[in-house]
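Colleague: I have a model open and would like to learn how to read it. Could we go through a few features one by one?

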Amino acid sequence: MSLLESLIIVSEKAANISRLCRQEEKLFELLVQEKSESEANPRFVRDFKTLADVLIQETVKYDIGKKFPKIKDDIRGEENNTFENALGEKVSVQISENPEETKLMLQKVLDGNIEAAEMLTNEVYAEIALKEINTIFPKENISFDCSTLGIWIDPIDSTSEYITGKEERHECGIYTKGLRCVTVLIGVYSKTTGIPVVGVINQPFHQNTNLRWSGRCLWGVATTRMNSFPPSINSTLTNVVCISSSEDENIKKKLFKNNFSTIEAAGAGYKLLVVILGLVDAYVLSKGTTFMWDTCGCQAILMSLGGDIVQCCGNQSSIVYKNIESGDNKIEVCCHSNGIIAARNVEVLSKLKEILQSD
């Protein structure tokens, strides 16, 4: 099985874990864990870490590392893998070759809750077929030299929406809040050049039928222009830009002055997704509140469609991905401190770069 197929499958496993944790009320109540001050995103007064976050991240690492050992040591995620249970015990969340050992570890995290640990363990080791996933499958295999690649994972992007789940929808059809703004993001990049290679976005909460959620998976290979999108995907310019609720007023004024309207939506991954889908022209963020794990996979997909993600300020060059060394401050090294502009259309990208650099 190819690396791309394996990433698609493990993204669906991640989506299944996130749906299970959100839909099983007793389980969900056990899982919310507030992040420490040093890990928190400065945009939020409160940030959150859930066991679902950590478990998904470690499951992706385990599954991909097992199948592709040459990439194992270069799979990284947003979260650390330490979780503190209600008794104040710190537990390292690691996936074992032995499912029973993993279940015992989860029981400890979950204060001895055997039923919850069993449900999660079953999902971690579940076998998932490509045909079970709502996506357009790759028609050809693409081989990669895994020793030259690194992977960034954002296990649950927009954790606050995942926890609160209160849905709001703009009149244009874009969801500004709620579970639909939650994404699982996996990005592969070249360790030599720093350029994104493969991206996978799984939207676990895409459709709700009879109070049960189902998702979809989108992917792209930057180097081949191969992706999961039909030729009919929307490519009409909308003169709409997605922004965050905390965006600078001066940026909004510049956009408005140049005939762009704006929509505020939750989740960096979701805002990038609506750009990828052609629902808006671009995503603009002037602040340093996105990170490598937010953008790597999304950028690869945009590149497969002819677009890109560039810095909003500074030299406005394309975003590239660094190798993290032991002892590095992950938050500082991985932060896109100059903000980002993401677009599918290079002409729109050029226009926005010029607008945002103007006085």
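Predicted model: local features only at pLDDT ≥ 70, side-chain atom pairs only at ≥ 80, totals over all residues.

Colleague: Is D294 buried or exposed?

Modeller: Buried means under 20% relative accessible area. D294 has 5%, so D294 is buried.

Colleague: Where does UniProt place the feature "binding site"?

Modeller: The UniProt record, an unreviewed entry, puts it at E78, D154, I156, D157 and D294. These residues span 217 residues in sequence, yet no two of their C-alpha atoms are more than 10.0 Å apart, so they gather at one spot.

Colleague: What does I156 touch?

Modeller: I156 sits in strand β6 and is buried, at a relative accessible area of 1%. Beyond residues up to four places away in sequence, its contacts are S18, T50, A52, D53, I56, Y162, V182 and T183.

Colleague: At what angle do the axes of α8 and α9 cross?

Modeller: Angles under 35 degrees count as roughly parallel. The axes of α8 (residues 268-276) and α9 (residues 292-304) come within 10 Å and cross at roughly 5°, which makes α8 roughly parallel to α9. A268, L272, V275 and I276 of α8 meet D294, T295, C298, I301 and L302 of α9. These residues divide into seven nonpolar, one polar and one charged.

Key:
Residues numbered from 1 in each chain as written. Heavy atoms only, no water. Axes fitted to C-alpha atoms, helices over the stretch in contact; angles between N-to-C directions. Helix = DSSP H or I, 4+ residues; strand = E, 2+ residues; numbered from the N terminus. Parallel < 35°, antiparallel > 145°, perpendicular 65-115°, else oblique. Contact = heavy atoms within 4.5 Å. Nonpolar A, V, L, I, M, F, W, Y, C, P; charged D, E, K, R; others polar. UniProt positions renumbered as here; feature names shortened; annotations may be inferred. Buried < 20%, exposed > 50% of the residue type's maximum accessible area, 1.4 Å probe, protein only.
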